[in-house]
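This short report looks at contacts between side chains. Please view the sequence and the model before reading on.

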Amino acid sequence: MLQIETVLCRAGKMDNYSYILYSEDKKNCIVIDPSETVPIVDRLQSLGLVPNYILNTHHHFDHTDSNVELKNLYGAKVVANNADAYRIPGFDIGLGVGKKYRIANGIIEIKKAEEDFDFEVIDVSAHTQGHVVYYFPKTKALFTGDTLFNLCVGGLFEGDPEQMFEALQKIKKLPDDVLFYPGHEYTFGGASVAYNYWGGNGDIIKYLQIAKERLQKGLPAGPFSLGEEKKCNPYLMANSKEELFNLF
């Protein structure tokens with residue numbers, strides 16, 4: 001079974017989340033969006049892991065800053081959307097959007113996703129052009145970078161509301177029991193908009209209480225399921241690009 005470790009980076013500043021994914025036998029290990037070297041290396045060492053690959057969701061520096069350092073330390077290959085290759089530090093391997101891949105002694109394209117380290121690449125260009133999310137269907141895990149956060153979404157640095165709306169529709173089509181892992185701890189930054197949007201109903205109150213209790217224990221606020229997020233995140237539930245635009 002795929003193991004997932006959440007690493008808080010740039011704590012108290014940008015509050016990025018990087019992720020370490022590894023197999024139970026520790027032969028396969030990847031780091032998603034390495035933001036800061038020291039906390040990631042500390043966690044890798046504590047777990048006795050050596051990363052084979054680095055996956056980037058998009059090119060922003062706070063998601064790629066440790067690419068080259070981890071590559072030099074461990075010989076890990078940097079993997080990202082082909083369309084973003086020229087903006088990804090240390091880029092080695094390009095992926096095609098809408099395609100499925102397997103990590104097992106190399107990254108290979110596959111037709112079906114059935115094993116732990118099989119993942120799909122979904123284009124969600126909006127926050128940036130070329131932004132992708134990584135969906136691991138067997139583990140039911142989705143790594144959303146700066147597209148979907150707890151109770152909010154990423155800003156439109158290079159795209160527009162129509163693109164964001166289309167991106168969110170793709171995410172909404174995934175099963176409700178998929179857990180999503182965002183690129184930042186922004187839960188309470190988006191809380192007031194979500195709370196007011198839903199009129200402080202029971203779902204949002206429960207969501208915020210769970211997030212608060214987790215954060216007080218020094219844990220990430222999530223992961224939450226997409227089903228839970230659909231009940232509480234107004235951006236995810238917008239029914240048109242106009243409705244989405246009004247939330248920004």
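Asp116 has a relative accessibility of 21% and counts as partly exposed, because that class lies between buried (under 20% relative accessible area) and exposed (over 50%), with a 1.4 Å probe and protein chains only. Its partner Lys138 forms a salt bridge with Asp116, with the closest N and O atoms 3.9 Å apart. Lys138 is exposed, at 52%.

The model is predicted: local features need pLDDT of at least 70, side-chain atom pairs count only at pLDDT 80 or more, and totals for chains, interfaces and linings use all residues. Residues are numbered from 1 along each chain as its sequence is written, and side-chain values use heavy atoms, with hydrogens and water left out.

A salt bridge is a side-chain nitrogen of Lys or Arg within 4 Å of a carboxyl oxygen of Asp or Glu. The count comes to 12 salt bridges, including these:

| Pair | Closest N and O atoms |
|---|---|
| Arg87 and Glu158 | 3.1 Å |
| Asp177 and Lys140 | 2.5 Å |

Salt bridges with shared partners join Asp84, Arg87 and Glu158 into one network.

Aromatic rings also pair. Rings of Phe, Tyr and Trp (its six-membered ring) pair if their centres lie within 6.5 Å; planes under 30 degrees apart count as stacked, over 60 as edge-to-face and the rest as tilted. By this rule there are 12 aromatic pairs. Tyr235 and Phe248 have ring centres 5.7 Å apart and planes at 70°, so this pair is edge-to-face. Tyr235 is buried, at 9% relative accessibility, whereas Phe248 is partly exposed, at 43%.
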